[in-house]
Amino acid sequence: MNSPFDLAGALAARREAALLRARSAVCLDGLRLRVEGRDYLHFAGNDYLGLAREPVLAEAFADGVARFGAGSGASPLVTGYQEAHRRLEETLCDWLGVEAALLFNCGFSANQAVLKALLGKGHRLWQDRLNHASLQEAGSQLPCTMRRFAHNDMGALARQLEPAAGLIVSEGVFSMDGDLGAWPALCELAAETNNWLMIDDAHGLGVLGPEGRGTLASLGIAPGRVHIHMGTFGKALGVAGAFVAGSRELVEYLTNFARTYVYSTHMPPAQAHAITAAIGLARDGEGHREQLARLIDHFRSGALAQGWQLGQSHTPIQPLLVGESEAALRLAMRLRARGIWVSAIRPPTVPAGTARLRITLSAAHGEADVDALLTALDACREGA
């Protein structure tokens, strides 16, 4: 039977370009994962503080299930918004110094909800060229005019800006490069042109700043200088879900106009209960952040000494730049042969010619784990 969709052709083209993706079912136990009967030490997740296997969070989840049940049972505007959700929102406000917060099931839906609810035909949207796919995709589908500026190029952004025309969006920590957005300059440009400003701090929250309050806090920027804050709970906080925060008026507006919030079953209250516990751990987690900083320095000095090309990141995301997709895949497979699991990141996730290994570090790693990674990398160098 003829099909209107050439699935086989599309898959073959990706396979030919070394861009085909495939899933691996893993059994994950902290820093170790098992795939098809073999154990690996992994540097591929986003559990930056090592909280995902923290017994306190497992106990909080179990307590939440006992108290609230397994699911919320409805959208938040019906009966899905429960006491555990309200308590988590209040905890977020206290932690981050914002007026109000709204919970979402994931960062992708949170980002898209904001852009779709705010931006209409007469608006402008300015995005860093390396923003997350959720932001880029939503912007490309909206009736507003979207303009992208070169990564962290504030001169390029300044030339594009129009007064009081819309929204500037950038990331706190960029997910594939690990570097920070140019937030002091972004705040100045937004204020000068009377445009709104949004931060996606999925990878900075919990890791950076006093009490892990994120990228803005690490730079000494008052939260009120940024109109919209988005963060996630599935990375440094070790659970799942996301939030959008800002003024009370913004949150009330999104409660009424953000379609992914209005028409989705709310996150399980047990999950919200566990996230509240995770925030407590993150706020008290200075020892974890200090350990993480030591491991980042140790890895960078060792990898650079071996001659690898790294990005300019001093966060847990350490891109080891390879160039071509085939070479990145080959290096990842050579590492797996030595018991190290790292993901090869290729276009379209990153620009053509910048395929890389996305090495991520966790406070749960030890120096011996990083040494094992460095030893394997040294053995995998071309010609070694």
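This is a predicted model: local features need pLDDT of at least 70, side-chain atom pairs count only at pLDDT 80 or more; totals for chains, interfaces and linings use all residues.
Q: Let's start with the whole chain. How many helices and strands does the secondary structure of the chain come to?
A: Count them up and you get 15 helices and 14 strands.

Q: And what does the radius of gyration say about the chain?
A: The idea is to set the value beside what a compact globule of that length would have. For 384 residues that would be near 21 Å, and the chain has 21 Å, so the two agree. The C-alpha trace spans about 60 × 60 × 50 Å along its principal axes.

Q: Into which domains is the chain divided?
A: There are two entries to look at. Domain 1 is written in two pieces, 21-49 + 286-379, and domain 2 covers 55-284. Taken over C-alpha atoms, the centres of domain 1 and domain 2 are separated by 26 Å.

Q: How do I read the interface, starting with how many residues of each domain are in contact?
A: Begin with the head count, then go to the area. Here 19 residues of domain 1 are in contact with 21 residues of domain 2. The area buried between the two domains is about 1400 Å², and carbon and sulfur atoms give 59% of that.

Q: What about polar pairs and salt bridges: how many of each does the rule find across the interface?
A: For polar contact, the rule finds nine residue pairs between domain 1 and domain 2, both residues at pLDDT 80 or more. For salt bridges, it finds one across this interface. Look at Arg356 and Asp177, whose side chains meet in a salt bridge at 3.4 Å, N to O.

Q: Which elements give two or more residues to the side of domain 1 that touches domain 2?
A: They are α13 (286-305), β11 (317-323) and β14 (355-360). The most comes from α13, with three residues. Sorted by class, that side of domain 1 has nine nonpolar, five polar and five charged residues.

Q: Where is the cis peptide bond, and what is omega?
A: The cis bond joins Pro347 and Pro348, with omega about 10°. You'll find Pro348 in the loop between β13 (343-345) and β14.

Q: And what is the phi of Asn152?
A: Asn152 is not a glycine, yet its phi is positive, about 60°. Asn152 sits in the loop between β6 (145-149) and α7 (154-160).

Methods. Residues are numbered from 1 along each chain as its sequence is written. Side-chain values use heavy atoms; hydrogens and water are left out. Domain bounds come from an automatic or database domain assignment. Contact means heavy atoms within 4.5 Å. Buried area is the accessible area (1.4 Å probe) that two parts lose on being put together, summed over both. A salt bridge is a side-chain nitrogen of Lys or Arg within 4 Å of a carboxyl oxygen of Asp or Glu. A polar contact is a pair of N or O atoms within 3.5 Å; within protein, one must be able to donate a hydrogen and the other to accept it, and residues adjacent in sequence count only if both atoms are side-chain atoms. Helices (H or I, at least four residues) and strands (E, at least two) are DSSP runs, numbered from the N terminus. Ala, Val, Leu, Ile, Met, Phe, Trp, Tyr, Cys and Pro count as nonpolar, Asp, Glu, Lys and Arg as charged, and the others, Gly among them, as polar. The radius of gyration is taken over C-alpha atoms; the globule rule is 2.2 Å times the number of residues to the power 0.38.
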